[in-house]
There are 2 protein chains.
Amino acid sequence: MGFGKVFIATSVDGFIARDNGSLDWLPAPLDGEDYGYAALMDSVDGIIMGRSTYETVLGFGEWPFSKPVVVLSRTLTAADVPEALRKSVQVSNVAPSTLVATLREQGWKHAYIDGGQTIRSFIEAGEVSELTLTRIPILLGSGIPLFGPLPESIVLRCEYSKHYPNGVISTRYHAL
Amino acid sequence: MGFGKVFIATSVDGFIARDNGSLDWLPAPLDGEDYGYAALMDSVDGIIMGRSTYETVLGFGEWPFSKPVVVLSRTLTAADVPEALRKSVQVSNVAPSTLVATLREQGWKHAYIDGGQTIRSFIEAGEVSELTLTRIPILLGSGIPLFGPLPESIVLRCEYSKHYPNGVISTRYHAL
């Protein structure tokens, strides 16, 4: 069974952030609507993210995750993680499939995969089985792309697609 | 009022054809379903397409369009158009906005814009007001992209989004 789950907002032209990382184009929150985020987080055993996403989240001040987090980085070490987070944050520099095997041994069934480069590498490695896109009605023209090159095409199955009053379309795909 | 209308199938990762132009990833026709294509064609006065799309269509053998067609090309001339098509096909090498002004003088209110490069240049020039995407449930990994760089972001309004039993999602956007 598939391991990785992606849940991310993207522009109609496929960017997850502007070139400078800005998310200023995301719509204002829709009255109590989380587009399925909480349910998705409930369904995973932890989160795998890249260093850049990790540092952005650290910058929020308050750590928002109650589940274990693995930060993928070639430069960070466990010592770089603030002491208050060492119980829940570990650093890893192994390839996606190796990490998935290790986490499965530890009992993880699913992980939420976050951050552009991390998402692309997990999709490329065939380790993403569920992809929920929150499509924002804007063309950015440039930015950080959600998708990248693949060794071969991946056929998807659409589980649902929901159209919100603010023009956002949330679509869940599964890799076949 | 906006002039150009785009109606095109795209993969989830934003490609309209494989690198070699192949459309082998498009789904089999869905029982009598055209995803709104005929209604869209009814709503335009003609079609503007690039040379590459024109040559692909010529290769079909039978010319499928009953409305006037403008082929954008820097290399073709009117003499290159087969005699049987000269009444309905004209060649132009002017910029999108110049062409739109000329066609408006001739009474055109809307044109269907087809072909990757032509679509990108018309969007970039601000000459596309309606964008109907038929999103096919596949990640191609590479190919001919639908979207390109823009001078600035374009906010869209979603008119509708429809989810078909084969996983295709048809969404119509308007440029604000």
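Two strands count as paired if DSSP finds at least two bridges between them. Strands here are DSSP runs of E of at least two residues and helices are runs of H or I of at least four, numbered from the N terminus. With that in place, take one pair across the two chains: Val155(A) stands opposite Ile138(B) in β8(B). The strand on the chain A side is β10 (residues 154-163), joined to β8(B) by two bridges, and the two run antiparallel.

Some housekeeping. This is a predicted model, where local features need pLDDT of at least 70, side-chain atom pairs count only at pLDDT 80 or more, and totals for chains, interfaces and linings use all residues. Residues are numbered from 1 along each chain as its sequence is written, and chains are lettered from A and ligands numbered from 1 in the order in which they are written.

Chain A on its own, then. Chain A has four helices and eleven strands. Its C-alpha atoms fill a box of roughly 45 × 35 × 30 Å along the principal axes. The radius of gyration, taken over C-alpha atoms, is compared with a globule rule of 2.2 Å times the number of residues to the power 0.38. For 176 residues a compact globule would come out near 16 Å, and chain A has 16 Å, so the two agree. Buried residues (20 or more other C-beta atoms within 10 Å of their own; exposed means 12 or fewer, partly exposed in between; C-beta atoms placed from the backbone) make up 39% of the 176 residues in chain A.

Now the sheet. The order is β5(A)-β4(A)-β3(A)-β6(A)-β1(A)-β7(A)-β11(A)-β10(A)-β8(B), nine strands in an open sheet with mixed pairing. At its edges are β5 (89-92) of chain A and β8 (138-139) of chain B, each pairing on one side only. Further in, β3 (residues 46-50) and β4 (residues 69-72) of chain A pair in the parallel sense over four bridges. Within that pair, Met49(A) stands opposite Val71(A) in β4(A). Helix α2 (residues 51-58) of chain A packs on the sheet and touches β3, β4 and β6 (111-114) of chain A, its direction making about 110° with that of β3(A). Contact means C-beta atoms, placed from the backbone, within 7 Å; axes are lines fitted to C-alpha atoms, for helices over the stretch in contact, with angles from 0 to 180 degrees between N-to-C directions.

A second open sheet of nine strands, also mixed, has the order β8(A)-β10(B)-β11(B)-β7(B)-β1(B)-β6(B)-β3(B)-β4(B)-β5(B). In this sheet β10(B) and β11(B) run antiparallel, joined by seven bridges, and Arg157(B) stands opposite His174(B) in β11(B).

On to the interface. 26 residues of chain B are in contact with 26 residues of chain A. On the chain B side, β8, β10 (154-163) and β11 (169-175) each give two or more residues. The largest share, seven residues, comes from β10(B).

Last, how are the two copies related? Chain B can be laid on chain A by a turn of 180° and a shift of 0.0 Å along the axis, with an RMSD of 0.0 Å, superposing by least squares on C-alpha atoms of residues with pLDDT of at least 70 in both. The copies are thus related as by a two-fold rotation axis. In chain B the C-alpha nearest that axis belongs to Gly14(B), 3.4 Å away. Both copies use the same surface, as 100% of the contact residues of chain B recur in chain A.

Note on methods: Two residues are in contact if their C-beta atoms, placed from the backbone, lie within 7 Å.
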